[in-house]
Amino acid sequence: MSGGGRGSAWGPANERRAQRRRVEPGDGGGAAKMESVALVAPVTALEFAGDVLLAGTGPEVAAFRLSGAGPAVAAGRRIVLRETSVQGLRAEPGPAGGAAVRVVAFGGRWLAVLAVRRGGGARLAACGGGAARELGARVWEARWAAGGRLALALGGGAVALYEWRGGGRWLRRASCGGAGALRCAVLAGTGWERLALAAGTAAGAVVVWRAAAAETPRRRLLGHRGAVLALCYAAPRGLLASASEDRSVRLWAVGALGGGPGERDGSCLLVCYGHGARVAAVALRGPCPVSAGEDSACLEWDGGGGVRRARRGHRGALRALALRPAGGCLATGGDDGGVRLWRPRRAVSDGAPVAVALRAPGRPRAVLLVGPRRVLALDEEGGLAECEVPAGRWVPVLPPAAVGPRGLLAAAPLPGGAEAFCALAGGDGRLLVVVLGHAGTTTKLRLFEGAVHGLSWATRPGLPSDTAALLASGPNGEMLWLDVTHRPGQAPCVWLMGRYLLPPCKQRWHTCAAFLPQGGLLVCGDRRGSLLLFPCSSSPELAAGSTGIADGSASPANEDSGSELELSYLLQKEGLPIETPLSVLFGLHGKTGVTSVTCHGGYIYSTGRDGCYRQLRLQDQKLEVLQKHRPCKGLQWLEELRFTPGGDLLVLGFHADNFVVWSSRTGENLHCIPCGGGHRSWSYCSSPSAEAFAFVKCGDVMLCHRQPEPCEQQVLLSSLHGREITCVQRLGTVEVPGHTALNVFVTGSEDTTACVLALSEHSRAAVPLTRLSDHISSVRALALARPAGPSAKGSSTLLFSAGGRAQIECYRLLCAADLASESAVACQVTHVASHRLDEHWERKKNRHKLVKVDPETRYMSLSVIPGTSSEHLPTPWEFLAAACSDGSVRVFGLLEAARKLVLVAESFHHQRCVLKVEAFLHTWAGGERRHLLCSAATDGSVTFWDITNPIKDAVDALHQGEGEMQPLALGTPLLTVMAHSCGVNSLHIHQTPEGPYLVASGSDDGSIHVCLLEVALGEGTAGTCLCVLERVARPCAHAAHVTGIRVLQPDLLLSASVDQRLTLWRRGPGGLDMLSTTFFHVPDLAELDCWEVTEAGGELSYCCVLCGQGLEVLRGTCPPEPPPLEAPQ
């Protein structure tokens, strides 16, 4: 993955060419040098150095100081290596109380020694001259030897003793024969005579040598069926652990590797299978291995080869693993750029939580937890019983047939926790309200002539502490709002506050409700999956007293008086006006229903059995969906959201037949309890003292109860993406009082998500603000429709994302400063519209006569067509051009007010995959405007289109068809330029001050092409004409694909390639002249974005962001103008 490992693979000629391109700071005749200011890279090395955790991310080492049981804090960051990533960190053994610890960092052919100074905060300093040293061979492993020297395992099967102090020199060196291609190594011993090397080979063997006799292997351990990727040796126990790409971990009894009395035969003690992908790292905790794999899992194994503990949370493959000898902490890092610290739990459970049967009386129909130690059970006959968990004894609360068959049960705790309201309703329309602990004080009301279908308590702002709101749904969609007041020693008092009518549907009852903090509004979710907004007033019009009280005492009344009061209540209810919804989002969560509604932070959140939760806001008395979230893969049923005081979002739901509590912060399951599924009655309760989960199974009430434990996982570096970042766009800069300006970017990835993140040049780290997870395949392209004028406090921008499965999503983003958040920036996301070609095809008439859209069609590039949402068009449409893998160029129209994204025009002119599109607007002196489009394909051609008339025709057709139309033809291209011999991977258009346009492109063959294009009016009815004024090409400008190019100024270009070189070019009369080349640390470069920055002194500088296997921001000043040529004498 690192750039340093590529040199030997290129061959001598390419290596010399790369060395000639390398420009040191100060070289290049005063040319600008781009410097890295922020980096997010895969974590490839981890090491504990005393109370400091070190993480190698790209060429940098980040330090985190551990503070006992408290959270770890960032304690410094330093660039250590040059043109490679840190592949290993090894701390020097020594006393724990030292003032500094020396650590060797190595990767590729480079090596450096650091000093980690302790104190108020760990500080990283260079040792031995400060600069990293190139050793001429790849360093596989390093170990501290006697006298502070280094023992090294080198490429080619060599082992060496190296003196790093001073200028650096080799003390001893030997070549190990008979190994083959090495993939990993581990060293043992401190002196040359006892130094031993164990190496994993590509053939799946582990080979052991002694440095003093390295001609032939001392032993060979066989068993793996794939390359051995990691080794770990524990000298005190004589155990060697190996991890392989065959997804297995093996434990070998090798004794002393360097030979001697403790040497053993090397038999395999343990074979562990459990990873779903290659195993990349392994460590030993006592006699048991701990492994990390590319399946994002860290597994701790027991002595029998089974999984004792599985730790998950990373978004991508794991690459690094470290164990802290003291304290038992474990650290993991991987391709997502994240680092996580796992602290040991007090007790490790060997399997799923155990559910205990409580032996409930009768046959339970519903179960409810009122606190973690109090269980209520409603039986099939309508009787209610209560069980105190410590005692395990059931106490009757209401006799059988209290509410009849098909009973419903709901409870709401009162302040203090000792008492709670309990509401029961049944098939005869009666409601019973009882205060637990005062079973004799019961209020009975008859709400409906038919059955009660829905019953729930809702939190209402402004209510007294002894009052709670209750909602009940009956026949024909009628819903009642009741306020229940607790009266000590008396039956609860029930007030009828409102009547509502739910929209017609088959299952017409509510499932959940919440009163909005704004007041006067009620949000309900129904069984049909709809969200409803109702008006509500705070003043009661009618009151129904307790039907079980005759004289205000707690004694029950006779049946006749109860019947009269129930009839009176039904008559009085009819006098209250019935309210209809102000806003309806019909079927928002599908046909399976809404499960919860929650208000938090000024937003409304709803969950459903469709596996998604949605964020909404109230806009002009209407519910508006901002965003849809799918928390994790496989969670099909979401039941509830809980926001913790620490800022975490817990998602309660069901994964298959398991109840799951999922943490959004750490991305892991906090609880996973087999219960049989969510269709049965269940209840979950958590408190600072205990956690409990009760459910009905096999005709009994089952209970899982446990003490809460502190969070095992701490996120030290946030995860970005689990796979390669394919596209990036800079959203803008947010000014935060008391902080440096933060750059906000949007990234898209192969992991099917897009991420909005804030990147700080001060900390050189990224903090995700929000994730967009609406895509079903990879996100390949992004485009921004920026606002007309910048805003200092925030910016509202349209974001288009597109990728696999021919899918486009559109969002509106609003970023602003928020000092209360971790990143000091908040991002509000509103989902505007979406479009998929297969859905568009399904809506076509006579589609059986057409060729079906290829489901594997991908959007390769997007470009917003400028100037289409202004006053020059009759309606404010935004248009978007897309390059498609099926050989077409498509144009889409967005009407944001109607949330419609429509295909308006297309052309299959290229007949092959179109890789890039770029739209630009040309305005003549008279004010006439022409919309032009440039597209580039895999054959190296660059084609130009005039799409002014298709856009005008599309606007007219959309206006007449009310947002629906058949796609138009783009027409005939104006001009085609064969710029390259193969695919065009980068394209940029820049207008010069004189008027013509510079069109720069980069290709798969490493070449750069620049042409100067003039736009003119044709004669007569010819329309727009394009004329090529100048063409400049630079073959072999890079050693690999040119995937990023930008025209900074008319005479200044910036290009980036997969060869990890960022090159600045001067465009002159004779062609392109290289000014400087900078090595960047993002392998597999996918895209480049640039912007200008004006420094405090008025100096102009350029910044660029590069994405691929990571994300990096570089900054450089504008190079000086070249001196003018002297006139000939």
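The legends below describe several close-up views of a predicted model.

In this predicted model, local features need pLDDT of at least 70 and side-chain atom pairs count only at pLDDT 80 or more, whereas totals for chains, interfaces and linings use all residues. Residues are numbered from 1 along each chain as its sequence is written, and side-chain values use heavy atoms, with hydrogens and water left out.

**View 1. The protein as a whole contains 5 helices and 88 strands.**
Helices (H or I, at least four residues) and strands (E, at least two) are DSSP runs, numbered from the N terminus. Of the 1129 residues in the protein, 57% are buried, where buried means under 20% relative accessible area, exposed means over 50%, and partly exposed lies in between (1.4 Å probe, protein chains only). The accessible surface comes to about 45,200 Å², and 51% of this area belongs to carbon and sulfur atoms; accessible areas come from the Shrake-Rupley method with a 1.4 Å probe, and for residues only the protein chains shown count as cover. Taking contacts (heavy atoms within 4.5 Å) between residues at least 6 apart in sequence, 51% join residues at least 24 apart.

**View 2. The largest nonpolar core of the protein has 24 residues.**
A nonpolar core is a set of buried Ala, Val, Leu, Ile, Met, Phe, Trp, Tyr and Cys residues joined through side-chain atoms within 4.5 Å. Phe421, Leu431, Leu447, Leu455, Trp457 and Leu470 are the residues with the most contacts inside this core. Two or more residues come from each of strand S35 (408-413), strand S36 (420-425), strand S37 (430-435), strand S39 (454-458), strand S40 (467-473), strand S41 (478-485) and strand S42 (493-501). Another core, lying apart from this one, has 23 residues, among them Leu769, Leu772, Cys815 and Ala824. In soluble globular proteins, nonpolar side chains tend to be buried together. When neighbours within four places in sequence are left aside, the contacts of Leu455 include Leu408, Ala423, Leu431, Leu470 and His510.

The side chain of His510 makes a polar contact of 2.8 Å with that of Ser456, and another of 2.4 Å joins the side chains of His510 and Ser473. A polar contact is a pair of N or O atoms within 3.5 Å; within protein, one must be able to donate a hydrogen and the other to accept it, and residues adjacent in sequence count only if both atoms are side-chain atoms.

**View 3. Arg912 lies in the loop between strand S72 (900-907) and strand S73 (914-923).**
With a relative accessible area of 36%, Arg912 is partly exposed. A polar contact of 3.2 Å joins the side chains of Arg912 and Asp939, two residues that are 27 apart along the chain and whose C-alpha atoms are separated by 7.8 Å. Leaving aside neighbours within four places in sequence, Arg912 is also in contact with Gly887, Ala937 and Thr938.

**View 4. Four strands form an open antiparallel sheet in the order S61-S62-S63-S64.**
Two strands pair if DSSP finds at least two bridges between them. Strand S61 (725-734) and strand S64 (765-772) are the edge strands, each pairing on one side only. Direction ignored, neighbouring strands of this sheet are turned by 25 degrees against each other on average, with axes taken as lines fitted to C-alpha atoms, for helices over the stretch in contact, and with angles running from 0 to 180 degrees between N-to-C directions. Strand S63 (residues 754-760) pairs with S64 in the antiparallel sense over 7 bridges, and Ser760 stands opposite Ala765 in S64.

**View 5. Strand S2 (residues 43-49) and strand S3 (residues 52-57) run antiparallel and are joined by 6 bridges.**
Strand S2 is largely enclosed by the rest of the structure, because 7 of its 7 residues are buried. Along this pair, Ala45 stands opposite Gly56 in S3. The two strands form a hairpin with 2 residues between them, and Gly50 in the turn has a positive phi of about 70 degrees.
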